[in-house]
Amino acid sequence: MTTTHPTASPPYRITPPRILRAEWHKLRSLRSTWITVISAVFLVLGVGLIMGATYTSGGGDSDVDTVVLSLYGSVLAQIFLVVLGILMTAGEYATGMIRSSLTAVPARLPVLWAKAVAFATTVFTVMIATSVVTFAAAQAFLHDTDQAASFTDPGILRALVGNAGALTLMGLLALGLGALLRSVPGAIGAFIGGVMILPEILGMLPYDAVERAIMYFPTQAAGALGSATPIPGTASPGPALLALSLWAGTTLAAAALTLKRRDV
């Protein structure tokens with residue numbers, strides 16, 4: 001008589017929360033994460049304090065939006081967050097870690113989505129806190145100048161959240177480029193050339209249609225999100241957020257398609 005035994009179920013199942021937890025653990029355990037994030041925080045805070053401490057009413061920066069003035073360091077911080085996004089995807093191809101990740105999760109795409117969620121949550125949380133603290137610190141110097149403002153003034157909170165959101169979306173765009181190109185130098189070069197330099201070159205063309213289109217390029221859209229008052233020649237915050245989200249989403253979608261169709 002043959003005795004049948006029930007098939008033992010695996011002790012662990014692959015679920016989205018577990019994949020996300022694994023990607024979060026990888027993100028926070030890497031030294032590069034701490035170096036890039038802390039560098040970004042100190043750049044925003046340090047430049048904000050310098051701008052506040054050295055500002056005088058009626059000077060050359062008197063017409064600059066007060067949030068933009070306080071968060072000038074975001075332009076430099078963006079570089080570090082872009083590098084972090086690229087390292088999170090392309091860096092795994094460079095080290096070979098991606099083979100282990102995709103062996104553990106044969107469906108593949110949940111790995112990319114988990115990386116994007118872990119990155120976006122971390123960067124947005126850190127940068128919104130940094131933006132608020134930097135603005136408050138800068139206002140300690142600016143309170144008796146023509147750049148004095150408070151959190152309750154129109155557009156201030158929206159601009160602070162928009163600045164953090166813009167940095168997060170730019171980082172996600174870079175993360176998508178890293179997954180798409182699978183090369184750290186290649187992704188960095190593509191970001192610099194396509195996102196930062198290309199709009200400047202196109203801006204030299206004497207066509208109104210090109211000028212209007214450039215308003216919705218990533219860098220220009222990100223600038224519009226971080227200003228409490230409208231900046232001439234830029235899109236309004238709503239369309240700018242939509243444009244930047246589409247840039248990041250399209251890049252991630254292209255990376256997902258490549259990940260699904262190509263071998264590791």
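Ser70 touches Val44, Gly48, Thr134, Phe135, Ala138, Gln139 and Leu142, leaving aside residues up to four places away in sequence; contact here means heavy atoms within 4.5 Å. The model is predicted, so local features need pLDDT of at least 70 and side-chain atom pairs count only at pLDDT 80 or more, while totals for chains, interfaces and linings use all residues. Residues are numbered from 1 along each chain as its sequence is written, and side-chain values use heavy atoms, with hydrogens and water left out.

Ser70 belongs to helix α3 (residues 66-70). Helices (H or I, at least four residues) and strands (E, at least two) are DSSP runs, numbered from the N terminus. Ser70 is buried, with a relative accessible area of 1%; the word buried stands for under 20% relative accessible area, exposed for over 50%, and partly exposed for values in between (1.4 Å probe, protein chains only). A polar atom of the Ser70 side chain lies 2.9 Å from the backbone oxygen of Thr66. Such a polar contact is a pair of N or O atoms within 3.5 Å; within protein, one must be able to donate a hydrogen and the other to accept it, and residues adjacent in sequence count only if both atoms are side-chain atoms. Ser70 and Leu45 are 25 residues apart along the chain, and their C-alpha atoms are separated by 8.7 Å.

One of the residues that Ser70 touches is Gly48. Gly48 lies in helix α2 (residues 31-54) and is buried, with a relative accessible area of 0%. Leaving aside residues up to four places away in sequence, Gly48 touches Ser70, Thr134 and Ala138.

Now consider the chain as a whole. How many helices and strands are there in the chain? There are 11 helices and 0 strands, so the pattern along the sequence reads α-α-α-α-α-α-α-α-α-α-α. The C-alpha atoms fill a box of roughly 95 × 45 × 30 Å, taken along the principal axes. Of the 264 residues in the chain, 44% are buried. Among contacts with a separation of 6 or more, 76% are between residues 24 or more positions apart.

The next topic is how helices pack. Two packed helices are described by the angle between their axes and the distance between the axes. Axes are lines fitted to C-alpha atoms, for helices over the stretch in contact, and angles run from 0 to 180 degrees between N-to-C directions. Angles under 35 degrees count as roughly parallel, over 145 as roughly antiparallel, 65 to 115 as roughly perpendicular and the rest as oblique.

Helix α4 (residues 74-95) and helix α8 (residues 184-202) have axes that come within 9 Å and cross at roughly 140 degrees. That angle makes α4 oblique to α8. The crossing of α4 past α8 is right-handed; a crossing is left-handed if the near helix is turned anticlockwise from the far one by less than a right angle, and right-handed if clockwise. On the α4 side the contact is made by Gln78, Val82, Ile86, Leu87, Ala90 and Gly91, and on the α8 side by Val184, Ala187, Ile188 and Phe191. By class, this contact has 8 nonpolar, 2 polar and no charged residues. Ala, Val, Leu, Ile, Met, Phe, Trp, Tyr, Cys and Pro count as nonpolar, Asp, Glu, Lys and Arg as charged, and the others, Gly among them, as polar.

α4 also packs with helix α6 (residues 109-142), at an angle of about 160 degrees and with the axes 11 Å apart. This makes α4 roughly antiparallel to α6. Their crossing is right-handed. Leu81, Leu84, Gly85, Met88, Thr89 and Glu92 of α4 make the contact with Leu112, Lys115, Ala118, Phe119, Val123 and Met127 of α6. These residues divide into 8 nonpolar, 2 polar and 2 charged.

A further partner of α4 is helix α1 (residues 16-29), at an angle of about 115 degrees and with the axes 12 Å apart. α1 and α4 are therefore roughly perpendicular to each other. In this pair, Glu23, Lys26 and Leu27 of α1 meet Leu84, Met88 and Glu92 of α4. The contact of α1 with α4 has 3 nonpolar, no polar and 3 charged residues.

Ser227 is found between α10 (218-225) and α11 (237-261). Ser227 is buried, with a relative accessible area of 1%. The Ser227 side chain reaches the backbone oxygen of Thr229 at 2.5 Å.
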